[in-house]
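Please open the model in your viewer and follow along, selecting each part as it is named.

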Amino acid sequence: MTSHERIQAIDSSEEIRLLTEVWRSPPGFFGWFTHVNQTSVGKRFIITGFVFFILGGVLALLMRLQLATPENEFLNPDLYNQIFTMHGITMMFLFAVPIMEGFAIYIIPLMLGTRDMSFPRLNAFGYYVYLIAGAAMYLSLFLGMAPAVGWFAYPPLADAKHSPGMGVDFYATVVTFMEISALVAAVELIVTIFKQRAPGMSLNRMPLFVWSILVMSFMIVFAMPPLMVTSIMLALDRTVGAHFFTPGSGDPLLWQHLFWFFGHPEVYIIFVPALGMISSIIITFTRRPIFGYTALVLSLVATGFIGFGLWVHHMYTTGLPHLAANFFTAASSMIAIPSGVQVFCWLASLWGTRPRFATPLLYVLGFFFIFVIGGLSGVMVASVPFDTQVHDTYFLVAHFHYVLIGGAVFPLFGGLYYWYPKLTGRLMSEGLGKASFWLTFIGFNLTFFPMHYLGLQGMPRRVYTYLEPLGWGDLNLFVSLSSGLLAVGFLATFVNVFRSLKRGRPAGDNPWDADSLEWGTASPPPPYNFRYIPVVMGRYPLWEHLKNQEVPVVTGIRSDRRELLVTSLLDAHPESRSKMPGPTVWPLLLALAVGIGFGGFIFHNIFPVVGFILSFIAIVGWFWPRQLAREAREESS
Amino acid sequence: MNGTFSVLDASKLPSHAFEHRSPLWWGIIGLIVIEATVFASLVASFFYLRSNFPQWPPDGTRSPELLKPTLATLVLLASAIPMYWADSSLKQGKTFPLKVGPLISIALALVFLAMKVVEYRDIGFRWDTHAYGSVVWTIVGFHSAHVLALVLKTAVVTTLAWRNYFNRKRRIGVTVNGLYWYFVVIIWIPLYMTIYWASYFLSN
């Protein structure tokens, strides 16, 4: 901090009017396509993510209807295959990753005390890419041409000979296209976290949620490119007759290696942000500093690294050398260490406190229960002999739903209840929230716990039906009925979301007495996020502000254009002011151009070239400096 | 909130940042890391596929010729020099090199692309001949697309330079364009080592 003179920051309504004018997003239908503010884009990611969650959930219910009785004919085999494939693609690509990014995009800049992301237009571009990709996938389902090869699309089943339709072409191109969105968001989040923290928020004062998003973003940067490479290879195999995965010439196992080199970190990409949410919620509802901040940060980072060393445990039954199998067994068991450290830190944080059992905390406690069970079955399948026994059975289905729903969806719903007041200015109903939690919690366990048993009985995954004499009918019927209960539980939360928009109790700035900066501004935040950028003196800035009479802030950032403060990487020392771009339609046009390139490849080889040219035009339009002369004048003044 | 008091007057801070102080610089580093991971995946695939074949390049495909690809590589490496000259001159406020340097770089990059076209026109195998063909054509094609994008991008930067858009303060656009140019040039070295030298030695 340069000067410590106690100048009272003088506020004027004129100044606020100017700020609102400069940062506001254009209204109206056409204005909608030009929004770039992080609050706007983040909200879109979150809403779209939940829409896909509901669609994926409906697909799951259709599967459970089909499996409710033996030899059922509700869905035909091909449609069933399309549905379970789309369920996986939806939940992994269109729901879990984008919604975590959505929360990050909305919350992180507020938590850092800045006014927007580093590259607002790129942010908007990422959203349109996501929207176009998701719409294209569902279009293929409604046309009855969805991929029917599982969300992992193993060749040779996925090659042109064995899957002649367009389904896998959709998969290969749309998945590649979709990952652009994830990569864009990851780079942006990293840069925003590195360079735009409020002055004084050195790395060791960053909230744990910010740390978790940083780790997630780095994992995306290294995990998604191999997926893009391998799905492009698959597309080339199918369209121009390349031989990457042709048995005998290429190698189908190459796909599995590249896919799981992405696919396993993917699980942690979903799970790590959830860990950050848990820490935020625990701090707020116990109203005291977290136990073992450093240990938690190190565990997050360790999870990020070890997550890349596990991919082969998806391939134990493909015939690997023993040494490799041993190595990956050890690595897979090792991941339990950072997870364990975190669970114990959280337990220690809760120990001896009298937490407020509001809905967000209930979801976190639900997480503990479910995730520990998922972790235990994870330790079981990490060993080769056990895995060989239960490979491709419902035991695995049970295991990864315990890990993914318990590890990511429960904290996510906790996060939804926790941050909803910040997004909308109103609190969600506690009564309905608690009802929703208990329905979801009980429904979840009744649905998925019996699947362990079905798996040990030998019921294979991905079958559209089973024979009556096998005796799996009763348990399957029970599971199907329970899945209805689970669906009602989730539905209750969505009803709560809509009801509370109008009827919820007004939240005020900080309804939970939380510690981090996002609660230090209005709910919902004004378009410029903060009137003054706050200065941070510790890990729990709002609690420290409460103790002091006056809040230290930064003044002198211009209000007559979009401007924000850039700070240094380690210590968040103020370095410069940066001018931010305003609303524009170019991101949408670029997303369409790239979409034509990728989507058109399904139909003809010329489209990538067309897409390349259109993208170039769009990029030039995007970056071409407007009003050269005016900018030059500003320069000289 | 309680009252506020100012501890920092940001109006005294500069409104331009350079190199690692600029968010844009970090953004382009992010792009470079992503692309490097893409190329690393391709190189790993090259060696993985190799383990399926008793001979590499496979039977019926001769091992690659080394002279012309090496010359092309030198041309591409040389293209980075005028770019560096333009970038570092602009730091000292000299704008003339920025009008000429990138043009030389573009010309050299186009020569490189032309040499690749000639080379692969009669290389003797196609992407659908065998897995070796698939991976080599993909690596070369993907990298060439990068060179082409680089040429187009630099053409835009040069146009702006001729319209006197850049100066000592406003040069982050030139810096990141240069960074990306160096990246595409440098990443070619491991790719070149893989598809030419590794193929050459593995075949003997």
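Begin by selecting the two sides that meet between chain A and chain B, where 14 residue pairs, both at pLDDT 80 or more, are in polar contact (a pair of N or O atoms within 3.5 Å, in which, within protein, one must be able to donate a hydrogen and the other to accept it, and residues adjacent in sequence count only if both atoms are side-chain atoms). Helix 7 (residues 208-239) of chain A gives seven residues, the largest share, to the side that touches chain B, with helices being DSSP runs of H or I of at least four residues, numbered from the N terminus.

This is a predicted model, in which local features need pLDDT of at least 70 and side-chain atom pairs count only at pLDDT 80 or more, while totals for chains, interfaces and linings use all residues. Residues are numbered from 1 along each chain as its sequence is written, chains are lettered from A and ligands numbered from 1 in the order written, and side-chain values use heavy atoms, leaving out hydrogens and water.

Next, select R21(B) and E575(A), which form a salt bridge with their closest N and O atoms 3.8 Å apart (a side-chain nitrogen of Lys or Arg within 4 Å of a carboxyl oxygen of Asp or Glu). The rule finds one salt bridge across this interface.

Finally, select F50(A), which touches F95(A), I99(A), F103(A), L412(A), F413(A), L416(A) and F494(A), not counting residues up to four places away in sequence, where contact means heavy atoms within 4.5 Å. By that rule, 68 residues of chain A are in contact with 55 residues of chain B.

Technical notes. Helices (H or I, at least four residues) and strands (E, at least two) are DSSP runs, numbered from the N terminus.
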